[in-house]
There are 2 protein chains.
Amino acid sequence: MSKIIKIGFLGCGNVGGGVWRLINDFAGDIEHRTGLRFDVRKVLVRNVNKARGIDFPEGVLTDNVEAVLGDPEIDIVLEFLGGEKPACDYLLEALRRGKTVVTANKVAFALHWHELQQAAQESGAGLYYEAAVCGAIPIIHTLNESLQANRISYIYGIVNGTTNYILTRMSREGAEYANVLADAQKLGLAEPDPSSDVEGLDAAYKLSILASLAFHGRVPFENVHVEGITGIKAEDIRCGQELGYTLKLLAIAKRDGLQVETRVHPTFIPDSHPLANVNDAFNAVFLRGHACGDMMFMGRGAGDLPTASAIVSDLVRAASAQKHIYPTFDNTLHPSVALENNTDWQSAFYVRMLAVDKPGVLGHVSQTFARYNVSIRAMQQKHAAADGRVTLVFITHQAGEKAMHQALKALDANFASVESVLRVES
Amino acid sequence: MSKIIKIGFLGCGNVGGGVWRLINDFAGDIEHRTGLRFDVRKVLVRNVNKARGIDFPEGVLTDNVEAVLGDPEIDIVLEFLGGEKPACDYLLEALRRGKTVVTANKVAFALHWHELQQAAQESGAGLYYEAAVCGAIPIIHTLNESLQANRISYIYGIVNGTTNYILTRMSREGAEYANVLADAQKLGLAEPDPSSDVEGLDAAYKLSILASLAFHGRVPFENVHVEGITGIKAEDIRCGQELGYTLKLLAIAKRDGLQVETRVHPTFIPDSHPLANVNDAFNAVFLRGHACGDMMFMGRGAGDLPTASAIVSDLVRAASAQKHIYPTFDNTLHPSVALENNTDWQSAFYVRMLAVDKPGVLGHVSQTFARYNVSIRAMQQKHAAADGRVTLVFITHQAGEKAMHQALKALDANFASVESVLRVES
């Protein structure tokens, strides 16, 4: 009675191995629940002789991509190579040959979504990518299939587990960035070259995908403003905590009419915000829709089995679909309603300064800010530094991004020097 | 190009009105995104002359259910009557006539799921009920379509907004139950007769649905152990807070092998638990799967537009489906693997006592507890009462439900009287 679905893997690292184990170890339950049995015919790897801790049947491993893409029996291709090249070429080729694709490749989607979708639509193949964003969290399904009747005004995401782990430990321990990063690398929670994570690129890829689906218009990766966490000081985290704020690397997308802003940067949020309690390597997406109101989805954003959980859910969907469905984007269908990229967004700001300990400093700062329409919501004076200067911490009301930077430039360096500027969302 | 779907409403109160407004006000976007246009042909109401603030076209309102169920043009019936009778009869009749049903009716599902599903499967009609549990949160879709490859070991849910609102305010303000309830009633956040909410029944209906889907076996509503919040004292919330705990009305479902426990009761959870920050009328579901790990979904559990958001997502699904899919339950298909109802579960306990202020009391309590395998994890002695007795607060390690109650009964009333017993989960 069960339907047997023949599939091929492109790549078999951590996630591929997790998918192999899940569909084999849990095969009976999956079959009982879905009526589907998955038969992995071919697995593309670089080195067929490398030990992988998996007992592949004779003839399954191959180092020839054509053995997967050219096998007419394979209906669905699962891609775990990641990155742009050669994964994207393989995906496009698979789609052109009518093979449905399930992938966790965020880079492919952030950079080549249109080409992939066009190839899929032309051949009628399916294109599934739940695992590309936030691992086990079904945020792609939710945006596509549960929130169709919503005008989503914003998304706040904690979409990178490595940086969330680092910031969580810095916050708990008062430790400096470099020390926590080194420890995270030792524990395997950060890559030997961590730059894509800590500089915010990984989050920006994901944000471009989330914003495109949420706003029903393609938001190019290039439009995402990106700042990472490499410059974060333990002192700023501490000063924020004293004012009731938690620091997170947030992926932020807002839409107002046709104006869209997308930005990834370290952000203070109030301790009472549901995202403030999303700690360690967990991911979460918080969003607001005009009908659903506020929602949050939290879960494991990476790891072999959590990612495999999302991959297998796509696999079941792909194998059960009578007809594959593709998102429609207003700005490809109707160029006249193209979304506009707003780079002069509004947010509140945290500013830490070192200032001379003299009367008149606060007046100078507040008057300078006021000239640029930046008003101060809270101020704290901290301990004096060795050179006799005092630390001043300001939280502003909402202000324009550009106005704020002009205001800071206009400060008289004889009074105060700006040590840190961080954005604040609520 | 768009497909026009003719639908009928059974009932048009708060949620029905929300659905009407959403599918009309947002019709252009829904059509553009889904290719579907919804045409509401008939709306069953008790009184066609009552003012509803909606400008229904001539002839749409009817007080005759046959005008909806008997209209051959209507493909999908949306039910907003709620409750068992007559809603269930109407739903069954609609399904038997081959009309797909979309409903927010948790009672119908908790009590008559098998009959509804059987009627649907026999006629090939669809049966959609996302809005029956947790309003806007797509927890039904997620369990059915994103977590198929998971063995779910437990669910903790905050699934009733009224009680969460009351407990949140009691926690923030130190106020007593009766005062907050009265205020919630004034604000329209609690019903004039609040019993179904505050006594935990509403949560128990929803838990029976969630547990059935999560464990792939029907968990009858009758098996759910239910305790409400009417007996909660501000003093216990305060004592818990001092120990780092937040009180929530949790809907708990756990599965271990074939043993299932389902219970709704006030529960202390650590302040650091993600559910502890789910406040006011928000709902949330926290679950653990063997592949996905820990996940949480938070959102609006009630209200016209949040519920309408879920209803319309079901409507789009129902209208787009080539073939409707129904969950399969192990214990109807394979009676030999019927789930067993475990009523002697394990949990930690919070116990508040009034005790004579004499040496030996603590020894008596801990020895009595030990005889029943209950061990103490934390104890605090509080201020003395007017009669000279002192308040003792205990947190135990995990203990059996029945053993704990036997231990409490075995305490010598001359030493200590038990004032409150609450369960603790972590």
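Q: Into which domains is chain A divided?
A: Domain bounds come from an automatic or database domain assignment. Here chain A has domain 1 (3-128), domain 2 (144-300 + 335-341) and domain 3 (346-424). This is a predicted model, in which local features need pLDDT of at least 70 and side-chain atom pairs count only at pLDDT 80 or more, while totals for chains, interfaces and linings use all residues. Residues are numbered from 1 along each chain as its sequence is written, and chains are lettered from A and ligands numbered from 1 in the order in which they are written.

Q: How many residues of domain 2 of chain A are in contact with domain 3 of chain A?
A: Two residues are in contact if their C-beta atoms, placed from the backbone, lie within 7 Å. In chain A, 10 residues of domain 2 are in contact with 10 residues of domain 3.

Q: Which element gives the most to the domain 2 side?
A: Helices (H or I, at least four residues) and strands (E, at least two) are DSSP runs, numbered from the N terminus. On the side of domain 2 of chain A that touches domain 3 of chain A, strand 10 of chain A gives the most, with four residues.

Q: How many residues of chain A are in contact with chain B?
A: Between the chains, 41 residues of chain A are in contact with 41 residues of chain B. Elements giving two or more residues to the chain A side include helix 2 (27-34) and strand 12 (293-300) of chain A.

Q: In which sense do strand 12 of chain A and strand 12 of chain B pair?
A: Two strands pair if DSSP finds at least two bridges between them. These two strands pair in the antiparallel sense over three bridges. M296(A) has M298(B), in strand 12 of chain B, as its bridge partner.
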